[in-house]
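Reader: I'd like to talk through the charged pairs in this protein. Could you show me the model before we start?

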Amino acid sequence: MMKNKILKSQKLDGVGYDIRGPVLTRAQELEAEGEKIIKLNIGNLGAFGFVPPIEIVQDIQRTLAEHVGYTDSKGLFTARKAVVQYTQSQGVLGVAVDDVYLGNGASELIALSLNVLLNDGDEVLIPAPDYPLWTAVTTLSGGTPIHYICDETNDWQPSLEDIQSKITKNTKAIVVINPNNPTGAVYSKELLEGIVRVARKHSLIVFADEVYDKILFDDAVHVPLATIATDVLTIVFGSISKNYRSCGFRGGWMYLAGDKSHATDYIEGLNMLSSMRLCSNTAGQLAIQTALGGYQSIHELTRGDGRIKKQRDVAFELLSAIPGVKVVLPKGALYMFVALDPKMYHIDDDQKFVLELLEEQKVLVVQGTGFNWVDNHHFRFVFLPHEADLRIAIGRIATFLENKRIAQNQKQGLPLQG
C-alpha cells in the first residue's frame, strides 16, 4: 500500500537559517570521513577555547539543586531584578521586574515577541544583512520581512532614507541589531535618534537586539537604544551567550521599555505565551544575576592586546591583503562581512562558492545571501580561532581565491598570474 508523503508545513516556505544549513551538513559528512574542518560558520565561543567566568559556573553548581522545579513563567525574580539593575546602570529608566522576561537564549524571546505581535501580512523592517533568525521567525509568524539596506561604503550604517521608503500601512515594527551581526558595525547616537524619530512618526515597535553590547573595539561606544526611545515602545534583547562566553547555558532576557501604555493587549499575549512554555531552563537563569553583577572580564578580551581584539586585527590584515577582497573593520561583535570584487570573482551562486571552499580547502564559512544580503559576493567570517588557526584558515581562503582568479583568467584568455 502506497503511503502518502509526510510533508513539512508550508509555513516553512521561504524560511532559512544557513548558519546551520546544507553547507554545514556537508561539513559534518566530511568530518565523518576523517577530514578536519575549520568551522567559521557560527560564533560558538566554547568551540574556540573561550570559557565562562568561573564564578558563573560555580554559582550554577551551588544553587541548581535548590531550583529543581519550574520557575515563574517569566523567570526567577532575582535574575529579572538583576536585569532591571543593569538597565538602570545603563541609564534606562522605567523598567520594572514585571517588564523582564527570561528565555532559552535571546533567540527564544525573539520568536516569542514576534509570534505575539504579527498577523498574516504584517511587515517588519529588518536590516540587510541581518541575523537571519529575525527574518525566519517573522516569516514563521505569518509576517513579511522587509529588509532595509545597511551601507557598506558607510561602515555598514543603516540608511534612514531607505528605512523611510519601505514603511507602509502594514509596517508594525523595526529591528535594530547593534552591535551588528554580521557586519560588526556599531551605531552612533545620531543614527539611533534618527531611527527612533521614524519609529515615533509611524507608531512602530522598536526591537533592539543588543546581544553584543559589551563586545566593542577601539573607541567604539554602545548607546542603549532604550535610553533614546523613551516615548516609543522598545523591546530590548540580551544574553549571556556572547559577553559571558556561555552559549550552551541558553540564558537570555528581554525587557520592555519606553511607552507601554498602549500595549496592554500585546503584553497580555507575551504573558500568555510565556506561561504556555512553563519557563526557560533554570541553569541559564541562575547564571544571569552573577553575570550582570560580577566582574566584566569580556573587557580583557576586547581591549588593548586582548585575545579577541588581536584576532580581529590579524583577520582584518590578512583578509584585506588578498587581491579583490575588501573588509570593513568591525567595531563590535565577532564577525566580518567580507566582500569579493565581482570583476575578479564571478560568482553566480554564493552557496555553491562556499561549498567549493569547504570541499577544496576544508574551511567552512556562510555565504552572504544566508544573511539576506542583496548580492552574491560576500561571506561572513568568524574571527574567534586562535591567531595561528586564523592564519591557516585565511591562507587557505587566499589559495582558493588565487585558484579562482587563475581559472577565470584562463577562461577569458588572460595571462595566468594569480
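Author: Here are some questions and answers about the salt bridges in this predicted model.

Reader: How many salt bridges does the structure hold?

Author: Happy to start there. A pair counts when a side-chain nitrogen of Lys or Arg is within 4 Å of a carboxyl oxygen of Asp or Glu. By that cut-off, the number of salt bridges in the structure is 18.

Reader: Is Lys309 buried or exposed?

Author: Buried means under 20% relative accessible area. Lys309 has 14% relative accessibility, so Lys309 counts as buried.

Reader: What is the N to O distance between Asp59 and Arg62?

Author: Asp59 and Arg62 are three residues apart in helix α2 (residues 54-63), which means that about one helical turn lies between them. Asp59 is partly exposed at 26% relative accessibility, while Arg62 is exposed at 58%. Their side chains meet in a salt bridge, with an N to O distance of 3.9 Å.

Reader: How many residues apart in sequence are the parts that Glu356 and Lys404 tie together?

Author: Glu356 and Lys404 form a salt bridge, their closest N and O atoms lying 2.5 Å apart. Glu356 belongs to helix α12 (residues 350-361) and Lys404 to helix α13 (residues 387-412), so the pair links parts whose separation in sequence is 48 residues.

Definitions and conventions. Residues are numbered from 1 along each chain as its sequence is written. This is a predicted model: local features need pLDDT of at least 70, side-chain atom pairs count only at pLDDT 80 or more; totals for chains, interfaces and linings use all residues. Side-chain values use heavy atoms; hydrogens and water are left out. Helices (H or I, at least four residues) and strands (E, at least two) are DSSP runs, numbered from the N terminus. Buried means under 20% relative accessible area, exposed over 50%, partly exposed in between (1.4 Å probe, protein chains only).
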